Amino acid sequence: MAEDEKTPETVVEEVENAAETGETAPTEETAPEAAASSAPASETRRDRLEARRAARRPAQRGQVTPEQREEERQARRAATAKQRRAYRAKLKERRAAEQKEKPAREPDHAPEHGPGKARVRQGVVVSAKGDKTITVKIDVVQRHRRYHKILRSTQKLYAHDETNNANEGDTVRVVECRPMSRSKRWRLTEVLERAK
């Protein structure tokens with residue numbers, strides 16, 4: 001290898017040796033290479049980042065008194081509050097317009113059933129003699145949990161029939177509701193099948 005040819009490794013070694021011994025900078029022919037290789041060594045990534053941040057920051061102001069800081073804070077808070085009030089007013093107007101477009105809601109009345117889902121049963125009308133009242137027979141078939149024998153039983157319910165629509169022998173669907181009388185706690189929802 002000739003003396004005048006220098007690889008990047010040798011240039012870096014020369015620069016490091018010069019820095020250790022305190023010699024002057026390398027010659028002009030090696031200066032660009034030395035500058036390129038020594039720049040990262042002298043200036044770290046953090047230093048470059050800090051310099052960029054400082055350039056982005058507004059000019060540093062002098063000493064600020066606590067009163068001035070408080071005034072600036074109050075001004076910022078007032079501006080934020082103004083924006084918030086404007087946003088909430090727009091939101092209120094939008095909600096009012098949406099509410100206006102919706103159809104009128106029916107007035108609230110006493111709930112027919114307490115919390116939870118109302119039970120629905122299907123049975124056969126055995127009596128429709130009473131006014132607005134029907135007696136519904138529900139056949140229950142279930143298997144015994146331990147002995148697995150099929151158990152058949154019958155339940156009798158009194159249901160409210162507002163229009164006296166159901167007749168004896170009809171198959172109807174009833175739903176649980178608020179107490180209508182001492183024994184009525186069910187209401188007729190629909191007649192599934194008429195008696196023949």
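Here is a short tour of this predicted model, stop by stop.

Residues are numbered from 1 along each chain as its sequence is written. Because the model is predicted, local features need pLDDT of at least 70 and side-chain atom pairs count only at pLDDT 80 or more, while totals for chains, interfaces and linings use all residues; side-chain values use heavy atoms, without hydrogens and water.

**The whole chain.** Start with a cartoon view: the protein has 4 helices and 5 strands, in the order α-α-α-α-β-β-β-β-β from the N terminus. Helices here are DSSP runs of H or I with at least four residues, and strands are runs of E with at least two. Of the 196 residues, 14% are buried (under 20% relative accessible area with a 1.4 Å probe, protein chains only; exposed is over 50%, partly exposed in between).

**Helix 4.** Next, select residues 66-101 and look for Arg85. Is Arg85 buried or exposed? Its relative accessibility is 56%, so Arg85 counts as exposed.

For two strands to pair, DSSP must find at least two bridges between them. Show Gln142, and you will find Leu151 of strand 3 opposite. Between the two strands lie 6 residues, and in this hairpin His148 has a positive phi near 60°.

Zoom in on Ala159, with Trp186 of strand 5 opposite.
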